[in-house]
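Biologist: I would like to learn how to read a protein model, one feature at a time. Could you walk me through this one?

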Amino acid sequence: MKTKNIVLMIISLFMCVGLFAQPATETAAPAAPAKQGYSLTQVFIDSGNWAYAILLVFVIGLVYAFVRWYQLYPKEKIDAAGFYLKLRNYIRNDQLDEATKIAESYKGTTMGFIFWSALMVFKDARKSGQTGADLRNSVQNSLEEAVLQTVYKLDSGLFWFDTLAQVATYLGLLGTIWGLLEAFAGLAGLTGAAQQTALTDGIKKAIGTTALGLLAAIPLTLIKGWLLTRANNIISNIDEFSVKLINTINNAIKD
């Protein structure tokens with residue numbers, strides 16, 4: 001699923017850039033002179049200061065995307081099924097020290113921290129003499145507490161991609177309005193060639209800022225969906241294997 005999302009995002013980015021990087025084709029009569037190609041760079045230049053504002057929003061989104069990617073991929077890299085199976089075997093063989101050491105080695109991940117917390121309480125509570133239902137409740141409560149402390153962090157903050165995408169779109173729309181105002185001002189206050197130049201520049205700015213706003217908003221929206229999918233997958237694994245771990249521990253507890 002991760003590879004599929006990355007491929008879709010890359011394809012979408014190339015499509016967005018390609019739409020504006022391709023030169024415009026001539027559709028007029030054959031005798032008409034060929035028009036100069038209109039590239040994304042030219043759109044950026046024609047959009048003036050609005051282009052830099054949109055670019056700033058987009059760069060902020062990319063930096064935040066890298067931070068969240070690092071948090072959700074390298075830091076959360078763990079074979080959930082294999083991790084659980086190792087712990088299960090040690091718990092069934094009553095080797096809690098070994099199980100705790102393995103969980104501690106993955107404590108940097110959300111699942112590792114949750115499992116480590118539950119096993120530490122299980123080991124300490126059993127040493128203190130708890131048995132049966134009291135021991136089961138202690139382990140269950142410790143696991144739930146660890147879940148509440150950590151799981152919400154996985155998908156928290158991803159709403160910022162929606163916010164940045166909306167800001168980029170709104171800046172594009174605001175630039176459009178501003179460009180139209182400049183075009184109308186050129187019609188009202190200038191004459192001749194100066195009027196035509198002001199009108200053309202205003203329309204270019206109006207259309208260009210809308211395009212740049214969308215070109216920034218679309219990738220940010222795709223990035224948000226990609227990272228949210230990853231976060232949901234991690235949460236699903238935690239939910240599934242937490243239940244399995246609790247069942248394994250409960251089976252190991254003697255009444």
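Modeller: Happy to. Let us begin with a term: a salt bridge is a side-chain nitrogen of Lys or Arg within 4 Å of a carboxyl oxygen of Asp or Glu. Please keep in mind that this is a predicted model.

Biologist: How many salt bridges does a search of the whole structure find?

Modeller: The search finds 5 salt bridges. One of them joins Lys-123 and Asp-97, with 3.5 Å between the closest N and O atoms. Lys-123 sits in helix 6 and Asp-97 in helix 5, which covers residues 96-105. The two are 26 residues apart, and the pair links distant parts of the chain.

Biologist: How many residues apart are Glu-240 and Lys-244?

Modeller: They are 4 residues apart, about one turn of the helix, and both lie in helix 10. Glu-240 has a relative accessible area of 37%, so it is partly exposed. Lys-244 is partly exposed as well, with 32%.

Biologist: You keep mentioning helices. How many helices and strands does the protein chain have?

Modeller: There are 10 helices and 0 strands. Read from the N terminus on, the elements run α-α-α-α-α-α-α-α-α-α. As for burial, 36% of the 255 residues in the chain are buried.

Biologist: What can I learn from residues that are far apart along the chain?

Modeller: Asp-201 and Ser-47 are 154 residues apart along the chain, and their C-alpha atoms are separated by 8.8 Å. Asp-201 is in helix 10, and it counts as partly exposed because its relative accessible area is 42%. For another case, take Lys-86 and Ile-102: they are 16 residues apart along the chain, with 8.2 Å between their C-alpha atoms. Lys-86 is in helix 4 and is partly exposed, with 44% relative accessible area.

Biologist: What about the loops? Where is Asp-94?

Modeller: Asp-94 is in the loop between helix 4 (80-92) and helix 5. Look at its backbone angle: phi is near 60°, a positive value in a residue other than glycine. Asp-94 is partly exposed, with a relative accessible area of 46%.

Biologist: Now the surface. Which residues form a nonpolar patch there?

Modeller: The patch is made of Tyr-52, Leu-55, Val-59, Val-63, Phe-66, Val-67, Trp-69 and Tyr-70. Together they have about 760 Å² of accessible area. Take Trp-69 as an example: it is found in helix 3, and at 32% relative accessibility it counts as partly exposed.

Biologist: Last topic, pockets. What shows where empty space is left?

Modeller: Rolling a probe the size of a water molecule over the atoms shows where empty space is left. In this model, the second largest pocket has a volume of about 240 Å³. Helix 3 (49-72), helix 6 (110-127) and helix 8 (152-155) are the elements that give two or more residues to its lining. The largest share, 3 residues, comes from helix 3.

Biologist: Which residues lie nearest the centre of that second largest pocket?

Modeller: Those are Lys-75, Glu-76, Thr-110, Lys-153 and Leu-154, from a lining of 13 residues. By kind, the lining divides into 3 nonpolar, 5 polar and 5 charged residues.

Note on methods. Residues numbered from 1 in each chain as written. Predicted model: local features only at pLDDT ≥ 70, side-chain atom pairs only at ≥ 80, totals over all residues. Heavy atoms only, no water. 1 Å grid on protein atoms, 1.4 Å probe; cavity = no way out; pocket = protein on both sides within 12 Å on 5 of 7 lines; lining within 4 Å. Points joined across faces, edges and corners; volume = space filled by probe spheres on them. Nonpolar A, V, L, I, M, F, W, Y, C, P; charged D, E, K, R; others polar. Patch = residues over 30% accessible without salt bridge, like charges linked within 9 Å, V, L, I, M, F, W, Y side chains within 5 Å. Areas by Shrake-Rupley, 256 points an atom, 1.4 Å probe, with all protein chains shown as cover. Buried < 20%, exposed > 50% of the residue type's maximum accessible area, 1.4 Å probe, protein only.
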